Amino acid sequence: EARAAAAFVVARDPVPAPQRQPQEASRRQLWPELTNQELASVMEIFSLNDKMNDLPVCAGVLVHSVKTLRPGVWLNDEVINGYIRLLVTRHNAKCEELGLFQSHFYHTSFIEKATTYITPDGITRHEYNYESVRKWSKNVPAANIFALDKLILPINRGNYHWMLAVVSIQEEYIKFYDSMSCDDDPVKIVNRHKQEQEYLGTIQQ
């Protein structure tokens with residue numbers, strides 16, 4: 001949790017972190033350990049008075065949302081969307097520098113809208129609803145998902161667990177990342193139908 005919080009907190013500190021010594025290949029970690037300075041910045045945010053909860057920290061994320069990165073606290077969607085904004089900035093810069101296909105990172109509400117249908121009499125049904133997200137593809141680079149490398153979709157399960165789906169357009173596969181290994185996998189059906197419907201819509205235009 002502290003490592004994730006540092007992504008938002010250390011961005012406001014202009015002092016460069018001390019250089020770390022190279023580690024042996026067998027000991028390399030996916031997420032480097034935080035420096036003492038970074039940890040202090042994280043703890044500072046966690047300890048702020050609740051009266052400061054509405055102050056922005058980084059990437060549009062407020063203090064009260066950063067506090068959800070503490071152990072034993074439910075992680076909210078504002079943190080996920082804020083981290084996605086940081087990823088988008090880095091990703092777009094790399095694509096421009098190296099001439100790579102761009103990817104599109106969806107908002108956390110996308111899957112919920114794509115799998116929720118409200119009937120005219122106000123009844124909520126959890127089923128595929130393409131119409132509710134039909135215009136979302138206009139926001140992707142070049143307004144064409146088939147020209148992208150990947151689609152990145154964060155998914156919230158039951159308001160208590162976050163998962164991730166990655167749809168590779170160029171290599172034609174779908175990967176589903178779930179630290180709890182939940183059995184149900186609705187995103188595969190949702191994205192297959194989404195691509196089919198958008199492709200048909202392109203042909204008809």
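**Rings, burial and strands in a predicted model**

The protein chain has an accessible surface of about 13,500 Å², of which carbon and sulfur atoms contribute 53% (Shrake-Rupley method, 1.4 Å probe; for residues, only the protein chains shown count as cover). The model is predicted, so local features need pLDDT of at least 70 and side-chain atom pairs count only at pLDDT 80 or more, while totals for chains, interfaces and linings use all residues. Residues are numbered from 1 along each chain as its sequence is written, and side-chain values use heavy atoms, with hydrogens and water left out.

Q: How many aromatic pairs does the structure hold, and why is the pair of tyrosine 106 and phenylalanine 110 called tilted?
A: There are 2 aromatic pairs. In the pair of tyrosine 106 and phenylalanine 110, the ring centres are 4.3 Å apart and the planes stand at 35 degrees. Rings of Phe, Tyr and Trp (its six-membered ring) pair if their centres lie within 6.5 Å; planes under 30 degrees apart are stacked, over 60 edge-to-face, and the rest tilted. The pair is therefore tilted. Tyr106 and Phe110 form one aromatic cluster with Trp136.

Q: What makes tyrosine 106 count as buried?
A: Its relative accessibility is 1%, and buried means under 20% relative accessible area (exposed is over 50%, partly exposed in between; 1.4 Å probe, protein chains only). Tyrosine 106 therefore counts as buried. Phenylalanine 110, at 0%, is buried as well. Of the 205 residues of the protein chain, 35% count as buried.

Q: How do you know that lysine 175 lies over the face of tyrosine 173?
A: The definition asks for NZ of Lys or CZ of Arg within 6 Å of the ring centre and within 35 degrees of the ring normal. Lysine 175 lies over the face of tyrosine 173, at 5.1 Å from the ring centre.

Q: What makes strands β7 and β8 a pair?
A: Strands pair if DSSP finds at least two bridges between them; strands (E, at least two residues) and helices (H or I, at least four) are DSSP runs numbered from the N terminus. Strand β7 (residues 161-168) and strand β8 (residues 173-177) share 5 bridges in the antiparallel sense.

Q: Why are β3 and β8 called edge strands?
A: The open sheet has 4 strands in the order β3-β6-β7-β8, with mixed pairing. β3 (104-105) and β8 each pair on one side only, as edge strands. β3 pairs with strand β6 (residues 150-157) in the parallel sense over 2 bridges, and histidine 104 has leucine 151 in β6 as its bridge partner.
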